[in-house]
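The following paragraphs lead the reader through a structure step by step. Please keep the sequence and the model in view while reading.

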Amino acid sequence: MTLLEFVAQYWPRLLTGTANTVALFFLSAALGIAIALVMALMKLSSYRALRWTAISYIEIFRGTSLLVQLYWVFFVMPLFGFTIEKFTAGYLAVGMNIGAYGAELVRGAILSTPRGQWEAALAINMSPAKRMWRIILPQALVNMLPAWGNLLIELLKGTALVSLISVADLMFEAKQINGSTFLSAQAFGTALIIYYVLARFILTPFMRWAERAMARKIGKA
Amino acid sequence: MQNLVGYPLELTGEDTPMVRFTNVRKSYGPLVVLDDLNLDVAEGEMVSIIGPSGSGKTTVLRMLMTLETINGGCIYVDGKPLTHMPKNDKLVLANTRYLRERRADIGMCFQHFNLFPHMTALQNCMEGPVQVLGLSKTEARERSEELLELVGMIDKKDQHPSRLSGGQQQRVAIARALAMRPKVMLFDEVTSALDPEVIGEVTNVIRALVSQHKLTMLMVTHQMGFARDISDRVCFFYGGKIEEQGPPADLFGNPQKERTQKFLSAVSEAI
């Protein structure tokens, strides 16, 4: 069976799988970005308790395997009385993991904003919160976008792991088709191509566009 | 840590200076940058600070802008302590809230302009009035456009800093600081990073401010001619102390101390 014939026959399942993968991507990306921002600010805080919470979080989620984290959320948390539906468990684990990596990106970008910007904002007497939101973060965002592009591609590929807790994503559907037809080359070949297309022809151009748009906004381009 | 004993909680009387440094000390670890500085600046006075690099000139302005903490003594602005606050009839180190309240009296321009790159010239000027003073956008725009007009930058009000020359950026930075209506303006080597041919456009703005406004100003500069022209008083700093001070005609024309003479002759040879 050629790849084309394969796709012609199994496209509905591949399509729902892809749709679920895309949904997982957006949910975990939103969660990851929010966590990254909060953890970065906490790690830069002058309050020791906040700083240490962030450091612990980042250490745990960067230092251990995403798959093990996923199993913890899905299999271990119910033992403590937190039963989480598998789709939710999927994007929670991936998002929390990527948030830990993202926190370091955000923190690095904040610290690399020129000192003079802090001083100028202080000289017009802005509050610490406004200095961060209105002056530092917009500039930091421009600096960290290229690194986020990388991280989001990692995240997209990382979502494939949720198939291991039976979330019906693209990888899960490919495995199911393979299990019933033994068309391994076609099933996993199609999955490979779809992941590549999503990363290379949708995500990457979008990030490039965002980088350019932000650079223009800051007057750099 | 630094509770001050014997310092007034407030300066009162006719001759209260706009700025007073009382026994101010600043050190970085073992390195003493300013040693027991005493300096008064009267309301409306323009004081220039000159001296070799490392003599503590810029630190004076940075302490006054509260960008640096001090290690001893007290700074007063408009009669009220700046670095310290009154508590139970004593002066204790100022907390952030008190600092924010007092800092409103002071504006500063920097050597490298430090305009916000993601905002236009007009937005740079409006940022403080809107976000800090709580002015409406209309009021803030009116005030900012007036000041951009004053510094000759109204034509470029919608440009981002990256589109402006150094001299233009510095003029916008002056407008941005003035938009906060400070009582004291600080100019920290505002022409040092500029190409020679655009220095004039910035010094002309400062000249106009001196002649038309009753602002109190402190300026750190390497431009002796400019300092001589516009200052009411010039302070020569050496090794963290004021070595000599006086009206520009005296200090430049007839310096008394040997270090001042050496410095001034070294500077004039360089030109």
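Which residues of chain A does UniProt list for "domain: ABC transmembrane type-1"? In this unreviewed entry, UniProt lists residues 18-203 of chain A under that name. The coordinates examined here belong to a predicted model.

The whole of chain A may be considered next. Its secondary structure comes to eight helices and zero strands, and reading along the sequence gives the pattern α-α-α-α-α-α-α-α. Taken along the principal axes, the C-alpha atoms of chain A fill a box of roughly 70 × 50 × 20 Å. Chain A has 221 residues, of which 36% are buried. The contacts of chain A can also be described by separation along the sequence. Among contacts between residues at least 6 apart in sequence, 74% join residues at least 24 apart.

A:Gly63 lies in helix 2 of chain A, which covers residues 48-63. Is A:Gly63 buried or exposed? A:Gly63 counts as exposed because it has 8 C-beta neighbours inside 10 Å, and a residue is exposed if that number is 12 or fewer. A:Gly63 and A:Ala100 are 37 residues apart in sequence, while their C-alpha atoms are 9.6 Å apart in space.

Two helices of chain A show how such elements pack. Helix 5 of chain A (residues 115-123) and helix 6 of chain A (residues 128-158) pack at an angle of about 155 degrees, and their axes are 10 Å apart. Angles over 145 degrees count as roughly antiparallel; helix 5 of chain A and helix 6 of chain A are therefore roughly antiparallel to each other. Their crossing is right-handed. On the side of helix 5 of chain A, the contact is made by A:Gln117, A:Trp118, A:Ala121 and A:Leu122. Helix 6 of chain A contributes A:Arg131, A:Ile135, A:Ile136 and A:Gln139. By class, this contact of helix 5 with helix 6 of chain A has five nonpolar, two polar and one charged residues.

The contact between the two chains comes next. It takes 24 residues from chain B and 18 residues from chain A. On the side of chain B that touches chain A, helix 2 (96-103), strand 8 (106-109), helix 3 (121-131) and helix 5 (166-178) of chain B each supply at least two residues. Helix 3 of chain B gives the most to this side, with three residues. The residues on the side of chain B that touches chain A divide into eleven nonpolar, eight polar and five charged.

One residue of chain B links this topic with the helices described above. B:Leu67 is found in the loop between helix 1 (57-64) and strand 4 (72-77) of chain B. Which residues does B:Leu67 touch, not counting residues up to four places away in sequence? B:Leu67 touches A:Glu119, A:Leu122 and B:Arg62. A:Leu122 also belongs to the contact of helix 5 with helix 6 of chain A. B:Leu67 is buried, because 20 other C-beta atoms lie within 10 Å. B:Leu31 is 36 residues from B:Leu67 along the chain, and their C-alpha atoms are separated by 18 Å.

Helix 5 of chain B and helix 6 of chain B (residues 196-212) pack at an angle of about 15 degrees, with their axes 8 Å apart. Helix 5 of chain B is therefore roughly parallel to helix 6 of chain B. The crossing of these two helices of chain B is right-handed. Among the residues that make the contact are B:Gly166 and B:Gly167 of helix 5 of chain B and B:Val198 and B:Val202 of helix 6 of chain B. The residues of this contact divide into four nonpolar, three polar and two charged.

Finally, two residues of chain B deserve attention for their backbone angles. Phi of B:Asp36 is near 55 degrees, a positive value in a residue other than glycine. B:Asp36 is found in strand 2 of chain B (residues 31-41), and counts as partly exposed because it has 14 C-beta neighbours inside 10 Å. Phi of B:Glu189 is near 45 degrees, a positive value in a residue other than glycine. B:Glu189 is found in the loop between strand 9 (184-188) and helix 6 of chain B. With 20 C-beta neighbours inside 10 Å, B:Glu189 counts as buried.

How values were computed:
Residues numbered from 1 in each chain as written. Chains lettered and ligands numbered in written order. Predicted model: local features only at pLDDT ≥ 70, side-chain atom pairs only at ≥ 80, totals over all residues. Axes fitted to C-alpha atoms, helices over the stretch in contact; angles between N-to-C directions. Helix = DSSP H or I, 4+ residues; strand = E, 2+ residues; numbered from the N terminus. Parallel < 35°, antiparallel > 145°, perpendicular 65-115°, else oblique. Left-handed = near helix turned anticlockwise from the far one by under 90°. Contact = placed C-beta atoms within 7 Å. Nonpolar A, V, L, I, M, F, W, Y, C, P; charged D, E, K, R; others polar. UniProt positions renumbered as here; feature names shortened; annotations may be inferred.
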